Amino acid sequence: MGKIAINIATGSLQQAETIVGIDLGTTNSLIAIVREDTRQPIALREIDGLTLVPSIVHFDRNSSAMVGNEAKELLIDEPERTIYSVKRLMGKSYKDVGHDSSFFAYNIIDDDTDSLVKIQVGDKFYSPIELSSYILKELKHRAEHILKTPVNKAVITVPAYFNDAQRQATRDAGRLAGLDVLRIVNEPTAASLAYGLGVKPEEEKTIAVYDLGGGTFDISVLKITNGIFEVLSTNGDTYLGGDDMDKAVVKHWVAELGISNAEFDGNKSLAQALRLTAEEAKKHLSSNDSFEGEIDGRKVRITKAKFNELVQPLVDRTLTACKNALRDAKLETKDIDAVVMVGGSTRVPLVKESVRDFFGKEVFDQLNPDEVVALGAAVQADILAGKNTDMLLLDVTPLSLGIETMGGLMDVLIPRNSKIPTKAGRQYTTHKDGQSGMRISVYQGERDLVQDNRKLAEFNLTGIPAMPAGLPKVEVTFLIDADGILKVSATELRSGVAQTIDVKPQYGLTDEEVERMLMDSLTHAKSDMQTRALVEASTEAEQMLETTMKFINKHRELLSGEEMEATELQMKRLKAAIAAKDKDLVQKETELLNDISRPFAERVMDAALKDAMKGKKIV
Ligand code: AMP
């Protein structure tokens with residue numbers, strides 16, 4: 001690195017930019033670059049030889065932060081000052097994490113259930129964004145120390161299922177750490193890139209990325225066409241990983257040694273020693289047939305066969321998720337061209353064999369599974385730095401995005417599964433004369449009524465000049481950038497009055513919620529359709545009533561007494577139909593009112609025409 005280039009246009013010297021790739025993980029994080037000389041991605045290694053930085057932040061009594069291995073060592077002794085797994089809290093409200101909060105040994109604040117979570121350490125409060133920024137800062141320092149050059153730009157990876165809020169939070173954490181985050185890339189996409197999958201523009205492939213880490217499991221199905229990555233489906237378990245394998249071994253030894261529950265619970269150091277030895281055994285068994293160790297002077301042993309038997313149920317759970325992911329992507333195992341292994345726990349031979357057998361093909365496992373995501377992020381950084389053939393990385397929107405229209409209907413601007421970046425726009429108008437403001441409410445979901453969907457944001461377009469109802473042309477545009485962040489803008493085209501907001505939802509959606517919202521839209525499809533039809537008919541009827549009222553108020557002199565009576569009677573009937581929520585009746589009565597009032601409109605036209613012929617101006 002640190003290469004000097006000359007700008008041909010200006011003759012000035014330019015320092016070739018270093019853009020790093022960062023895997024900001026739940027358990028560990030790391031940073032990688034593409035080497036100038038070999039063009040290969042490598043994880044940055046400290047003198048201690050380590051590439052992984054535990055994603056753990058410890059605060060001492062003076063509130064100074066310590067990150068990584070040093071912080072990890074304090075996890076047991078000072079749990080309330082040592083923050084782990086902060087990624088699980090990114091972009092989430094207390095409501096989102098409520099039922100999981102027992103997982104965290106530190107103090108998560110519940111001040112207002114809809115607001116973003118905060119973590120209390122001593123008398124200080126930290127947001128997950130701040131905490132993540134400490135980890136990123138540490139990575140940045142490391143990189144600068146190793147590369148001996150300033151590092152200001154980065155590509156950061158996130159799980160494929162991260163929503164807007166979580167992606168935005170990750171981006172903010174980067175900014176807070178002094179990094180310009182050029183791109184947020186999905187982890188499975190990065191892993192594929194690390195293996196060179198999808199780097200050639202003409203390549204077309206379907207890839208399964210199996211990611212089993214310490215505490216989480218993700219399976220993603222991706223399709224690459226012309227250098228565009230599309231996430232076809234994701235599945236997994238946010239509480240399943242190598243830690244569960246360790247726990248299974250601990251449980252086995254506890255039974256074998258005859259340790260009582262009370263002894264296990266009461267003796268922190270024994271529990272800790274068991275857990276560490278279990279992990280050691282697991283790692284040892286990845287390349288040996290048996291393990292022997294000692295805990296508190298007591299001998300423990302385990303064979304590979306026994307270990308496999310203990311972890312088989314965990315592996316089976318991952319395969320069920322794989323099945324579901326394939327089903328959601330409407331694919332079969334034979335449609336998968338490549339399987340990429342990610343995460344430390346894929347080193348377990350049983351995992352590798354089971355995945356290979358499930359997909360019926362050899363898996364990509366040559367790269368270090370702990371580093372593969374960061375390596376891919378570095379490849380992406382290299383592409384962005386213009387050092388590699390240019391290519392786009394696209395994903396899809398998991399749920400439809402739209403705005404609320406009259407009667408609480410959802411008007412979809414960007415349908416689900418649209419490839420991003422994407423842009424869509426539509427014109428709307430006012431319902432009342434002289435209406436100067438318009439409320440734009442942005443929703444996400446598949447249901448016909450906004451009340452069944454999830455509100456992302458709301459803003460007012462104000463200052464619309466006074467115009468009759470229906471005349472203003474308000475164009476609403478949705479723009480989703482390459483990071484999946486939505487920008488909504490509204491412009492009144494006649495006057496140029498405009499308003500824009502970045503949609504940063506207050507809290508995130510879990511995978512399950514996205515799935516539930518999709519399921520709901522299917523189960524309620526029929527009743528939703530009926531409701532939509534009724535709302536649409538009633539809206540039209542109300543507009544008809546309003547126009548007729550306006551007409552009567554303005555041109556009463558053009559109607560005979562009989563006509564007035566007939567009109568008023570029909571208006572009453574139509575109102576009753578709306579109140580009765582009978583769609584067919586509403587439509588019928590609207591039609592009748594229209595029949596009665598149509599000739600009146602013609603009369604107005606005639607009158608206007610006569611006026612015009614008299615040389616008057618029509619207004
Ligand atoms: P990750 O979250 O991807 O860093 O994965 C960490 C997990 O991988 C932990 O549960 C480790 O115990 C596990 N792991 C690391 N090395 C090995 C190994 N050689 N064999 C089995 N599991 C391992």
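**Strand pairing and aromatic contacts**

In strand 29, E492 stands opposite V474. The model is a predicted one, in which local features require pLDDT of at least 70 and side-chain atom pairs count only at pLDDT 80 or more, while totals for chains, interfaces and linings use all residues. Residues are numbered from 1 along each chain as its sequence is written, and side-chain values use heavy atoms, with hydrogens and water left out.

Strand 28 (residues 474–480) and strand 29 (residues 486–492) run antiparallel and are joined by 7 bridges. Strands here are DSSP runs of E with at least two residues, and helices are runs of H or I with at least four, both numbered from the N terminus; two strands pair if DSSP finds at least two bridges between them. Strand 28 also pairs with strand 25 (residues 422–428), in the antiparallel sense and over 7 bridges. Within this pairing, L479 of strand 28 is the bridge partner of K423. Buried denotes under 20% relative accessible area, exposed over 50%, and partly exposed in between (1.4 Å probe, protein chains only).

An open sheet is formed by 3 strands in the order 10-11-12, with antiparallel pairing. Strand 10 (107–109) and strand 12 (124–126) each have a single partner strand and stand at the edges, so one side of each is left without a neighbour in the sheet. From one strand to the next the twist averages 40°. Strand 10 is joined to strand 11 (residues 118–121) by 3 bridges, and I108 stands opposite I119 in strand 11. Helix 3 (residues 128–147) lies across strand 11 and strand 12 and runs at about 80° to strand 12. Angles, from 0 to 180 degrees, are taken between N-to-C directions of axes fitted to C-alpha atoms, for helices over the stretch in contact, where contact means heavy atoms within 4.5 Å.

The structure contains 10 aromatic pairs. The ring centres of F104 and Y106 are 5.4 Å apart with planes at 50°, so this pair is tilted. Rings of Phe, Tyr and Trp (its six-membered ring) pair if their centres lie within 6.5 Å; planes under 30 degrees apart count as stacked, over 60 as edge-to-face and the rest as tilted. F104 is buried, at 6% relative accessibility, as is Y106, at 5%. The rings of Y126 and Y134 form an edge-to-face pair, because their planes stand at 75°, with centres 6.4 Å apart. Y126 is buried at 4% relative accessibility, whereas Y134 is partly exposed at 23%. Together with F59, Y126 and Y134 form one aromatic cluster.
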